[in-house]
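Please study the sequence and the structure before working through each solution.

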Amino acid sequence: MRVIIPVEQNAIGAVRGFLKQLLEAEVVEALLVPMETPAGSITPALVADPDLLDAANPLAPVMGLNAARVAGRVSIREPRGRIGVVLRPCELRALVELVKLKQANLDDILTIGIDCMGTYDVPLYTRMQADAGENHPLAALLATAQSGELPPQEALRDACQMCEKPHVEEADVVLELFGADLDAGIPVTLSDERAAAVAEKLDLAPADADGRRAEVVEKMVAARTQVRDARLGEMRQRLEQEGVEGILAACVRCHNCMTVCPICYCKTCLFKSPVFDHEPMQYMNWARRKGGYRLPADTMLFHLTRLNHMVLSCVGCGMCTSDCPAELPVGRVFRAIGMQVQEAFDYVPGHSVEDPLPLVTFHEDEWSDIGEE
């Protein structure tokens, strides 16, 4: 079912009004949504008071956290409330993977997906806000939604520049920005019986699809895919020449990439334990035997272990790159390797909760073609 949210002043006001209606009509008891603080920063918050949604800003083009991490925390155990989670496409895909990894639960969750034109890293977004005055960085991105013309790419997060899935593919409620005349209204697709009840409670008029969205999505996906293939092709060449250890040689094992990764969920992590706090003489013995020993120790073991744990479920959100203090291309390395592994298993992370995880699913004829070569 497809309906239209009317726009009276601007798109963000219309989205806020829609979210308020969800709370006021008791479709959900609370909303997990990006909120703008008095200082102008954006942070996820669980909001139960409709009046507070005047500060909601799910269209803000900034990403400091993949919100699937916190969506899992508010949904994993019972008792829990009926919660609507407002997420970008990469966050929705990460949430799907967390459900399959038993780290989130969708039973009492209404997923609300919003098309994404791209996001900026937090420090850059903060500077852009300070310098823009009335020319907010969001306005330039929203202007591209109807046509599909890509905004200037250099400033966007690296992962966004090569994101081939900027559109919402599966959610209970989809706010369709791509192809829409956002001055006239925001199309909303309601995908199942639970979501269809939203339209009844909110008294939204049905609307027909005009085909423009599919055309714009195809245009954006083609452009982003071209960028992705070029960059990951270059990264694979570097991996062959330098190896993971060469590309990530400046790693100081700060664990930032692990901390912000929505797929790294282990409650007891080996790398947050004393296992790698070796005795002083152990370092000395290594130095004597090799002539010199790199510190901090075990940085490559850290990255290879992370790859082994989450590479099949990597959705390419790029938070690892954004939060690396050494500005290492962690996201490109993981995507370059991850896509090859995912293709080998014919697996698309985040596509559907019905798709089984390859490493916990046994097929009798799996890899049988290898012995025939």
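**Exercise 1. Determine which residues C317 touches, and decide whether C317 is buried or exposed.**

Solution. Contact means heavy atoms within 4.5 Å. Leaving aside residues up to four places away in sequence, C317 touches M63, N66, C90, R157, A159 and P262. The position of C317 is the loop between helix 11 (299–310) and helix 12 (319–322); helices (H or I, at least four residues) are DSSP runs, numbered from the N terminus. Next, burial is judged by relative accessible area: under 20% is buried, over 50% exposed, and in between partly exposed (1.4 Å probe, protein chains only). C317 has a value of 8% and is therefore buried.

The model is predicted: local features need pLDDT of at least 70, side-chain atom pairs count only at pLDDT 80 or more, and totals for chains, interfaces and linings use all residues. Residues are numbered from 1 along each chain as its sequence is written, and side-chain values use heavy atoms, with hydrogens and water left out.

**Exercise 2. Describe the surroundings of E91.**

Solution. First, E91 is placed in helix 3 (residues 89–100). Its relative accessible area is 4%, so E91 is buried. Finally, with residues up to four places away in sequence not counted, E91 touches M63, L65, N66, A67, A68 and V86.

**Exercise 3. State how many disulfides the whole structure has.**

Solution. A disulfide is a pair of cysteine sulfur atoms within 2.5 Å. The search of the whole structure finds zero. For C116, the nearest cysteine sulfur belongs to C160 and lies 5.4 Å away. For C314, the nearest is that of C320, at 6.7 Å. C116, at 14% relative accessibility, is buried, and C314, at 15%, is buried also.

**Exercise 4. Find the angle at which helix 8 and helix 13 pack.**

Solution. Axes are lines fitted to C-alpha atoms, for helices over the stretch in contact, and angles run from 0 to 180 degrees between N-to-C directions. Helix 8 (residues 212–247) and helix 13 (residues 330–344) pack at about 105°, and their axes are 9 Å apart. Helix 8 is therefore roughly perpendicular to helix 13, a class that covers 65 to 115 degrees; under 35 counts as roughly parallel, over 145 as roughly antiparallel, and the rest as oblique. Among the residues in this contact are L232 and M235 of helix 8, and V333 and I337 of helix 13.

Methods:
Helix = DSSP H or I, 4+ residues; strand = E, 2+ residues; numbered from the N terminus.
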